[in-house]
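Here are my notes on this one, point by point. Have the model open while you read.

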Amino acid sequence: MEIVSEQAETYTEALRRLKDKFGGRFVEMQHQKIRLKGFLGLFGREGVEVKGYIRDYAAGFASSPQGSYSLTPGISLPQGRPQTKVGSFDEEKEKFLASAKKDPALQVILSEVKDIRKQLEKNTGGRAPSPAHETLDRLADALALNDFSHAYIKHITERVKKEITLEELDNYEEVEEQVVDWIGESLQIYNEEAFHLKPRVLVLIGPTGVGKTTTIAKLAAMYNIGNSVSRPLSVRLINIDNYRIGAKQQLETYSSIMDIPLSNINSHEELRKTIALYSGEAELILVDTIGKSPQDGVELAKMKQLLSACGSQAEAHLALTATTKASDIKDLLQQFEPFGYRSVIVTKLDETSRVGNVLSALWEKGKAVSYITDGQTVPVDIKKASVIPFLTNLEGFRINRERIENRFPGVDAEKINWRQ
Ligand SMILES: Nc1nc2c(ncn2[C@@H]2O[C@H](COP(=O)(O)OP(=O)(O)OP(=O)(O)O)[C@@H](O)[C@H]2O)c(=O)[nH]1
Ligand SMILES: [Mg+2]
C-alpha cells in the first residue's frame with residue numbers, strides 16, 4: 001500500500017492536489033496543522049498536511065488500513081464478488097445497488113434507510129439535515145444569545161467549518177478564543193488621524209433621540225479639555241436645531257458651562273459663513289443637527305442640502321443607539337447613506353448587555369465606528385471606539401482581557417486620565 005501526503009496552506013488545497021494526482025484512488029487517513037517553510041527558512045506560515053493511501057486496484061476493495069472497505073458504514077460488500085477495478089463513487093454505488101436488488105437481506109436494510117431518510121426530511125421541512133458538531137451548535141447558541149444576526153452567525157460557523165480541523169473542533173475553548181478574535185477583526189475602527197485637516201468639521205447626524213446633542217457636548221468637552229493622550233483643542237459649536245423648544249437651549253447650556261462659543265444657524269448661507277469665520281480660529285468645529293426620521297425622505301434631502309454648506313471635507317458621523325435591533329441598524333445605515341457619513345457613533349452602550357446586533361450590522365454594511373457613549377454624564381461617558389469594550393460585552397464567551405488587549409492594541413479608553 002502506497003502512503004502519500006501533500007502540504008498546502010489550506011486543507012482544501014492539499015486535498016485538491018492529491019485528488020488531481022491520484023483521483024478517486026486517494027483515500028484520506030488524516031490531516032494536521034503544520035508550519036510551512038518559507039523562503040530561506042524565513043516567513044514560515046501555517047499550513048495543513050493531508051495524508052492517505054492509494055487504493056490498491058489489483059486487490060479490489062480489500063485493502064484499507066482500517067480493515068475491509070465498505071460503501072455504507074456497517075454494510076460490507078457481498079462476499080465472493082468478482083474483483084474488478086474500482087470506479088467512481090457513483091459507479092460503485094450503482095453496482096452496489098444493483099447487487100443489493102438480488103439480496104433480500106440488503107433489500108430490507110435499504111428500505112429501512114429510505115424510511116429513516118424520509119422521516120428526517122419531514123422533520124427538517126424538506127431540507128437535508130446537515131451534520132453539526134456540538135462545538136458549532138454551542139457557538140451558534142452563544143452568538144444568538146448576543147443578538148448577532150443570522151447572516152453573521154452563518155458566516156462564523158462556515159468559517160469554523162472551513163478553517164478549523166475536526167480534531168481542533170473538539171476543543172471548544174480554543175475554537176471560542178479563535179471566534180472572539182474573528183469578531184474583533186470584523187469590527188472596523190475609524191482612523192481619525194487620517195483626516196488631519198484644520199479645522200476638522202465634525203457633523204453629527206442620526207434619528208431622533210439617539211443622543212446626538214449629548215454626544216456633541218461630550219465631544220466638545222473631551223477635545224476642549226484634553227486628556228492624557230490628546231492635547232486641548234480650540235473648539236466651536238454650531239447648532240442647526242433652532243425650531244424645537246428646548247433643543248436650542250440644551251446646547252446653549254453646555255456651551256456656557258464649558259465656555260465654548262456656539263452659533264445657532266438658520267440657513268445654508270449662515271452655516272457657510274459661520275464655518276468660514278470659525279475656520280480662522282478653531283481646530284475643531286462640531287455641528288449638531290435636528291434628529292430626522294429616516295422615513296422622511298423630503299426632510300432628509302433638505303438637511304443634506306443645508307449641510308452641504310459645511311464643505312466636502314466635513315466628516316459626517318451617524319449616531320445610532322446600541323439598543324436598536326440589527327435589522328433596523330442595517331436599514332438606518334442604508335437610509336443615511338446619502339449623507340456620505342464616514343463613520344458611526346454607537347450611543348447608549350450602557351443600556352444593553354448585547355452588542356451582536358451592532359457588530360453584525362456594521363460588518364454587513366462595512367461601516368467603521370468612531371466613538372462609543374455609555375452614559376448620560378458629560379463629558380466622561382464617551383470613548384474613542386476600540387474593539388475591547390465590544391468584546392468584553394460579549395455574553396457567554398470567556399474573555400481573557402489581557403489576551404485581547406495584546407491582540408487588539410490601541411488606546412485603552414478606560415485608562416485615559418482627564419486633565420480636569
Ligand atoms: N443611557 C444613556 N443615555 C444617553 C446617552 N447619550 C444620550 N443619552 C440620553 O438620551 C436622551 C436624548 O439625548 P439627546 O442628546 O437629546 O438626543 P438627540 O439625538 O440630540 O435628540 P434629538 O435632538 O431630539 O433628535 C437624553 O436623555 C440623554 O441624556 C448614553 O450614552 N447613555
Ligand atoms: Mg438634539
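1. Asp147 is partly exposed because 19 other C-beta atoms lie within 10 Å; the cut-offs are 20 or more such atoms for buried, 12 or fewer for exposed, and partly exposed in between, with C-beta atoms placed from the backbone. You'll find Asp147 in the loop between α4 (134–145) and α5 (150–163). Helices here are DSSP runs of H or I with at least four residues, strands are runs of E with at least two, and both are numbered from the N terminus. The phi of Asp147 is near 65 degrees, a positive value in a residue other than glycine.

2. Before going further, bear in mind that this is a predicted model: local features need pLDDT of at least 70 and side-chain atom pairs count only at pLDDT 80 or more, while totals for chains, interfaces and linings use all residues. Residues are numbered from 1 along each chain as its sequence is written, and chains are lettered from A and ligands numbered from 1 in the order in which they are written.

3. Asp259 also has a positive phi, near 60 degrees, again in a residue other than glycine. Most residues other than glycine have a negative phi, and most peptide bonds are trans. Asp259 sits in the loop between α9 (247–258) and β7 (262–264).

4. One peptide bond to look at is Val378 to Pro379, which is cis, with omega near 5 degrees. Pro379 belongs to the loop between β11 and β12 (382–384).

5. Strand β11 (residues 368–373) is itself mostly covered, with five of its six residues buried. β11 pairs in the parallel sense with strand β4 (residues 188–189) over two bridges; pairing requires that DSSP finds at least two bridges between the strands. Gln188 is opposite Ala368 there. Strand β10 (residues 343–347) also runs parallel to β11, joined by three bridges, and Ile345 faces Tyr371.

6. Now the open sheet: three strands in the order β1-β3-β2, with antiparallel pairing. β1 (2–8) and β2 (26–36) are at the edges with a single partner strand each, so one side of each has no neighbour in the sheet. The twist from one strand to the next averages 20 degrees (axes are lines fitted to C-alpha atoms, for helices over the stretch in contact, and angles run from 0 to 180 degrees between N-to-C directions). β1 and β3 (residues 45–54) are joined by seven bridges, and Glu6 has Val50 as its bridge partner in β3.

7. What surrounds ligand 1? The shell has 19 residues, and the closest are Gly211, Lys212, Thr213, Thr214 and Gly291; a residue counts as near if its C-beta atom, placed from the backbone, lies within 6 Å. By type there are two nonpolar, 10 polar and seven charged residues. Here Ala, Val, Leu, Ile, Met, Phe, Trp, Tyr, Cys and Pro count as nonpolar, Asp, Glu, Lys and Arg as charged, and the others, Gly among them, as polar. Helix α8 (residues 212–225) gives the largest share of this shell, three residues.

8. The largest nonpolar core has 77 residues, of which Val203, Ala220 and Leu286 touch the most other members. Such a core is a set of buried Ala, Val, Leu, Ile, Met, Phe, Trp, Tyr and Cys residues joined through C-beta atoms within 7 Å. Its largest share, seven residues, comes from α8.
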